[in-house]
Amino acid sequence: MSQTIRAAFPALSRPGFHYLDNAAMAQIPGLVSEAIASLNRVARSNVRRGLHEAALRADEAYDSARATVGRFLNAPAEEVVFTGGCTLALNMAAWGLGRKLGPGDEVALSRLEHHSACLPWMSLAEDRGFAIRWLPVTHEGRLDLDHLGAIVTPCCKVVAVTHASNVTGAVSDLPRLAEAAHGVGARLVVDGAQMVPHGRVDPRSLGADLYAFSGHKAYGPTGIGVLWGRAEVLQSMTPMVVGGGMVDAVGDDDVTWADPPHRFEAGTPPVAQAVGLAAALDWMMSLDGQEIHQQEAALTWHLLDGLGSMAGVKIVGPRGLEARVPVVSFTVEGCHPHDLAHLLAERGVAVRGGAHCARPLMAALGLEEGTLRASLAPYSDRSDVEALLVGLAEAVKVLR
């Protein structure tokens, strides 16, 4: 199946190119590029308020894109906010829920968080005076929920966690976190950037109140992200970015915000990017989800098994396949991750080395130099994993 999928991605046709950096940015299928180009050929116009033919076509395409994202998330289109990316979506979530918090209030963050998810809350806490409580991780790089009740107390107003770690690949137990958060009246905010690329997600059924993801990790273009929220939560939030197209009325001394989702889409929205993201999600929904899961699991196991047999290699994350996405981090004794990434790149293998914008996790695990990370996608195949294992063995010989 991976060969059929692979053929849809022009960038993967280069001989000897093995792309395993999907957790940073996935490749884009040709049909997504064509959807964007088509919009720009026949419907390039600003949306809303325009009455000419191109504007009406752009309106229809943009509304259709929102409906597609809604289908992917099993949610009404009105609960889908288009943003400039996942980072902006998570900042909007923090501002919308956190700007009224103050001394005596608490926000619980996990140490698995990407900087995009934890820094908005840390910055706001410094300004507003509320406290940050950290959810610890196990030695395997999973969230340690044994002491959840001691951290998520009645002082807690928000629990912000990743759905799947961009370093260890561990999947968080969202229903359990939602039960703890809602039990004390707190909201659950979820970073879904690493989960969405591996299949459809239903954030409402998982207990999330707000759920964010990015387009470029889900086979869509850059410059687009999504903030989904329960209607009543979005309605309670104040927008972080203000401008044209997001108000009902403006007086000398007051303003009436438009209803969501338009309240959160000030200025010219990313129309072409939204259409491209919708094409990518339509493509994902056309695949056999169970078959993709089995294929990714088999490759992940092959990768974990191969790395585990190499002297000096330490897996940073779960050693098994339970509750994980195909993101595998590891260290090699005596070798800096950046040096290994460079030598692998010379052999046509694209991976990523460093802290992966997750310094709180690196500090908790004692990994000052970070890790080397390989991340798979539905188009990955056995040749990619073999190229990594062979290339890594050669690189280690060079460095030792």
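Two strands are said to pair if DSSP finds at least two bridges between them, and strands (E, at least two residues) and helices (H or I, at least four residues) are DSSP runs, numbered from the N terminus. The structure is a predicted model, in which local features need pLDDT of at least 70 and side-chain atom pairs count only at pLDDT 80 or more, while totals for chains, interfaces and linings use all residues. Residues are numbered from 1 along each chain as its sequence is written, and side-chain values use heavy atoms, with hydrogens and water left out.

**Exercise 1. The open sheet**

Task: Work out in which order the strands of the open sheet of four strands follow one another, and which are its edge strands.

Solution: Begin with the order, which is β11-β12-β15-β14, with antiparallel pairing. Next, look for strands that pair on one side only, and these edge strands are β11 and β14 (352–354). From one strand to the next, the twist averages 30°. Finally, take β14 and β15 (residues 371–375), which run antiparallel and are joined by three bridges; here G354 stands opposite T371 in β15.

**Exercise 2. Strand β7 and its neighbours**

Task: Determine how many residues of β7 (residues 210–214) are buried, and find how β7 pairs with β6 and with β8.

Solution: First apply the cut-offs, by which buried means under 20% relative accessible area, exposed over 50%, and partly exposed in between, with a 1.4 Å probe and protein chains only. Five of the five residues of β7 are buried, and the strand is mostly covered. Then sort the residues by direction: L210, A212 and S214 point one way, whereas Y211 and F213 point the other way. On the β6 side (residues 187–191), the pairing is parallel and takes in three bridges, with V189 as the bridge partner of L210. With β8 (residues 225–229), β7 runs antiparallel over five bridges, and A212 has L227 in β8 as its bridge partner.

As a further step, follow β8 to β2, with which it pairs in the antiparallel sense over four bridges, V80 standing opposite W228. In β2, V80 and F82 point one way and V81 and T83 the other way, and all are buried.

**Exercise 3. The largest nonpolar core**

Task: Find how many residues the largest nonpolar core has, and which helix gives the most to it.

Solution: Start from the meaning of the term: a nonpolar core is a set of buried Ala, Val, Leu, Ile, Met, Phe, Trp, Tyr and Cys residues joined through side-chain atoms within 4.5 Å. The largest one has 73 residues, and among those with the most contacts inside it are V69, F82 and Y379. Helix α10 (residues 271–286) gives the most to this core, with 11 residues. The core also draws at least three residues from each of domain 1 (32–285) and domain 2 (288–399), where the domain bounds come from an automatic or database domain assignment.

**Exercise 4. Backbone exceptions**

Task: Find which peptide bond is cis, and where N74 and C357 lie.

Solution: Keep in mind that most residues other than glycine have a negative phi, and most peptide bonds are trans. The bond from P260 to P261 is cis, with omega near 5°, and P261 has its place in the loop between β10 (255–257) and α10. N74, although not a glycine, has a positive phi of about 55°; N74 lies in the loop between α3 and β2 (80–83) and is exposed, with a relative accessible area of 51%. C357 also is not a glycine and has a positive phi of about 55°; C357 lies in the loop between β14 and α13 (359–365) and counts as partly exposed at 40% relative accessibility.

Conventions:
Axes fitted to C-alpha atoms, helices over the stretch in contact; angles between N-to-C directions.
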